[in-house]
Amino acid sequence: MSDLRTQDAASGSSSGSRRRTWAELLAGRVERQLRGPGRGHRLQDSAVHLLRRHLNLDDLLLEVEGPACKTLCLNQLGDPEASANLSSSFIGSALRDQASRLGVPVAVLSSQTVASSIMQICSSNGEPTHRVLLNAEQRKKLSSVLEVAQYLLAHSMFSRFSFCQELREVQNFLLLEAVWHLHVQNIVSLQELLESHADTQAIVAWLFRDLCLLCEQMEVSTQDTDIAQAMLSDFVQLFVLRGFQKSSDPRRNMEPERMAQLAIAVRRRMLIFALEALATGLQDESPVYKAVKCWFGRFCGHTFGRMMSTDCPKRFFSHTLTQVLTHKPVLKVSDAVRLQRDWSFAKTHPLLSSLYRRLFVMLSPEELIGHLEEVLGTHEVNWQHVLSCVSTLVICSPEAQQLVQDWVTRLLARAFESCDLDSMVTAFLVVRQAALEGPSVFPSYADWFQASFGSTRGFHSGSKKTLVFLFKFLSDLVPFEAPRYMQVHILYPPLVPSKYRSLLTDYVTLAKTRLADLKVSVENMGLYEDLSSAKDVTEPHSQAHQDVEKAIAVFEHTGKVPVAVMEASIFRRPYYMSHFLPALLTPRVLPRTPDSRAALIESLRRADKIPPSLYSTYCQACSSAAEKKPENAALGTKTEAICVEPLGLLAAALRELRTTMTDPTQYDVFSAQMAVVSERLSSALGLGEEDGSFEESQVQVNIFSPELEPQDQQVADLLLTSFCQNLIAANGFTPPDRQGPWAAHFVTSLCGRRLLPIVLTRLCQLLRHQGPGLSASHVLGLAALVIHLGECRPAVPEVHVASPAPVKSLPLPEFLSSLLTLRTAEASLFCLKFCTAAISYSLCKSSSQSKDILCSCLSPALMKKFQFILFRLLSEARGPLSQEDTAGPPWKLLCLPSADWQRAALCLWKQRTFQELLQEKEFHLTYRDWLQLELEIQPEFDSLSDMERWDFHQWAIHEHFLLKPSEAGGCDGDMQTACTVLVDVLIDFCQSLRSYNCLENSDLVLSCTGNRDIFSRLQEMAADLEQGPVAPQRCSPSQGHFLFRVFRRRLQALASGWDVAARLQRQQELLVYRWILLGLPPSILVGSPQNKQPATPDCTEFFHLVNSELGLLNTCSQSRDPSLTANLILTTCQTECPIVVTSALD
């Protein structure tokens, strides 16, 4: 053919004719052939014959994609759906024709062809075979094939049965994702595919293998996470729905259907794989660990959300719990008795405890207890799983304590009724396991044992048979149990009638022998030891000191000698005489007023519980101690000895409180623990019941030198640290608006009459004097604390600030805001952080509340300081807002380990809710507010350079406040008003409390370091008033210059009288006036800036001020003979300093 084309081209070229294209040649040929009769029909038959001979249906299916469709029908390019339908129609026609030629049903051929294509897709990856997910190219090809399959199904050209048979042959090479796509797109369901396989074990092994791989790859790959999660959820739902669905016919009693068997088998194998992996010890981030974590993560409400209307999830969870509890029951009861201390909640593998918690969600506590009873009564169990499940139950469910106690009571009743050893074993193991979790969730083992067997109401007291049964059981436990339990049985023995006393004696002898073998002494055991603790036995002398402090605390509370002490003096005399009394009678300087320790000693002496010789020795030693040490040192020693233990108990209670922050919305749990904290707090500070009353009481704090007693400071630090830690912990689980009232409850407990001054003084030390050194977590915690303290304002009095100069009492929110200083760069940055955290927390926790509630939660002073320091440090905030941020406050940003405080402050500034709050008048940062805050800055320690500070002042005065309306805190564009307010604020500052912090000499003004730059601004503004155009005067010329108006108004407002205080106050005021006058241009003294030159100088106001307040006439008028005093002064001036008189005449 190529030769012909070459010859034709050559001849054409030689003859000089135009060379024709291939299309023209074909067109001419088709035209010649069509002219003949029957040519079209013959051409069609030839084309069909050609296609039949060379058609490969498998390749044809794989070629049906987007680009291929374009070549099939060019006029369908604008309609992809029509193009796809045309492709499927073409393939359907080809399949029908091929089936007809082969003599097979088209549905069978179609099924074979689709199965073969899917197999080719799954095998085309070229990667290792241990995969379950498709890549992007495979997923694209499979989607095209499934479109064709759906078309074939819709036109009855596809057999699901034949398709399943074909896939069964190549099942081990199928990727799980392909099977999932067939299921979700209704080509063939997973149930049909699995039930078509005759070998159940093979299909279970295949599914188990691929599900494990899916879980591993799901934790590793982030690209296909969504598809993997959907796959796993769909498979789990299918297994639960098919495996745990009740039969619709209650009369039907036959073997479960095959799909149910498969579902249960696959689920069981996955669970066994996970439990065995946990038993062997998993390394974090290992592939098996990831697979187990992923599989357990499917046990959640999200997975079964669409099935909640059925009972399938509950039956599935119950069945799973049964399997966990009965998995490999190889441990004997003796093993459980010996090892159960290692199966507490804290020591259980996190993945296993997370599985328990997920299973508990679907079952109520009552159902869980019932299920445990049923399993323990009908199955051999894995005691490690059973007891770790009990620990998790009592920790996670507040109702579990009473339910477990009721369950144990039923077990004991059954045990003693028929001498049922199994019930007895279960009761003791369950009680001991629950007691391991601490008294906050379950009574101690000692309390339970004494309550159960220490009275005539015990189950053992019915007959000799029950007594023998009990002591036989206790004796059988001796070789395996921990010493603590034997100590409990000896110290709190069961109540036994005297005629059966030998039973108890035999057991005590056996237990003491065992304890002696373990080198543990019963006699040296402490009175208040936690006998359920798994810790090592405490040394006797160390435990004795703890017992003494606890006995004193109980004595303070009850006024009686503790029962434990009285019992020890009789039944445990060796420990009482050798350890407890020496610890109680430690020599010290006796207080003038007997304290609790002295009262307890006197009570024991009167009860003949202290030998006279020992008491006499104690008194002599105390007298010697008083002679050797000064009183103050002795008192310090006594205070330390008494208060160390209460502080330790308070710290322990606060640590327990922190554990409740995993779910701060559980108010009942938090409230119960707060009651314990309050009790320990009262013991540490000696608080009484009247502490909560503020009637006729004041809160006084010295902000310049705040000092606390060491014990008070330790208590305050414990409380503040606990609040900060609790807040950080709670934020790790839920935002502030969903944490419940725990924080408000905590802060309310700090507002007692005795405790609030301590807390406020410590806050003053931290915020005012140590603020820049606080960590980020402390800043967040204390900021939230300040917000909640501000909410307590109606319940507490105002705070009286002790200082060198008297000031008004401050409401609690304003006092707390006043602790944030701005003097240095470090203090300013800390103020920015603290204000950002406090305002963000308030907005976040009150996000769903009205604006009125938000305004009541926030201190206006805090809001103003935030605006001031934001304008000062971040120039981006000075311009107009381009767009408000609709996102929430930046509280989450602040909780990050590497928080960007400046970015968070800007985010808060742009936040819409915050900007809406700034529209409230009480939150306006006025020109006067800005001047007062700016005067606090010490230029030598400022974060801004001199030039930057000048730029900031120019922007604030001339661009921000001068042009603002007076309603918004501005000056209405009036420069005189701006100067008037500046002078007024400057004088107030020099007379205020803040000035006393930097004064050490009599020169009141010149030693103030915070007013130099602001006074320079006054000089500039005064010069502008003289030289440039000004706004129309608000006052008539008769009212005089603005400066003298300020002086006149302030002097009129001062207290009148000739007493020393009034005269000193007036002189102090005039001293500031003199300093201001000397620093302003001389022209201000002799005329009004509005008068145009040349004009006669108007010195009336200046002369009046000098004559009435500053000059000779004022001095003479204060003497008894003013004229004589004036003559004497002038005579002296003429003699000693004539220049003064000459200057006056000039």
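Helix H5 (residues 66-72) has the lowest mean pLDDT among the elements of the protein chain, at 40, while helix H22 (residues 421-435) has the highest, at 94. pLDDT is the predictor's confidence in each residue, from 0 to 100, and helices here are DSSP runs of H or I with at least four residues, numbered from the N terminus. This is a predicted model, so local features need pLDDT of at least 70 and side-chain atom pairs count only at pLDDT 80 or more, though totals for chains, interfaces and linings use all residues. Residues are numbered from 1 along each chain as its sequence is written, and side-chain values use heavy atoms, with hydrogens and water left out.

**Confidence**
- The chain averages a pLDDT of 77, and 74% of its residues reach 70 or more.
- Residues 630-644 stay under 50, and the model gives them twelve contacts (heavy atoms within 4.5 Å) beyond four places in sequence.

**Cores**
- The largest nonpolar core has 152 residues, and Ile118, Phe163, Phe296, Trp383 and Phe428 have the most contacts inside it.
- Such a core is a set of buried (under 20% relative accessible area, 1.4 Å probe, protein chains only) Ala, Val, Leu, Ile, Met, Phe, Trp, Tyr and Cys residues joined through side-chain atoms within 4.5 Å.
- A second, separate core of 139 residues includes Leu858, Phe868, Leu874 and Tyr1073.

**Helix packing**
- H34 (residues 710-731) and H36 (residues 755-769) pack at about 80 degrees, axes 9 Å apart; axes are lines fitted to C-alpha atoms over the stretch in contact, and angles run from 0 to 180 degrees between N-to-C directions.
- That makes H34 roughly perpendicular to H36 (65 to 115 degrees).

Conventions: Buried < 20%, exposed > 50% of the residue type's maximum accessible area, 1.4 Å probe, protein only. Helix = DSSP H or I, 4+ residues; strand = E, 2+ residues; numbered from the N terminus. Parallel < 35°, antiparallel > 145°, perpendicular 65-115°, else oblique.
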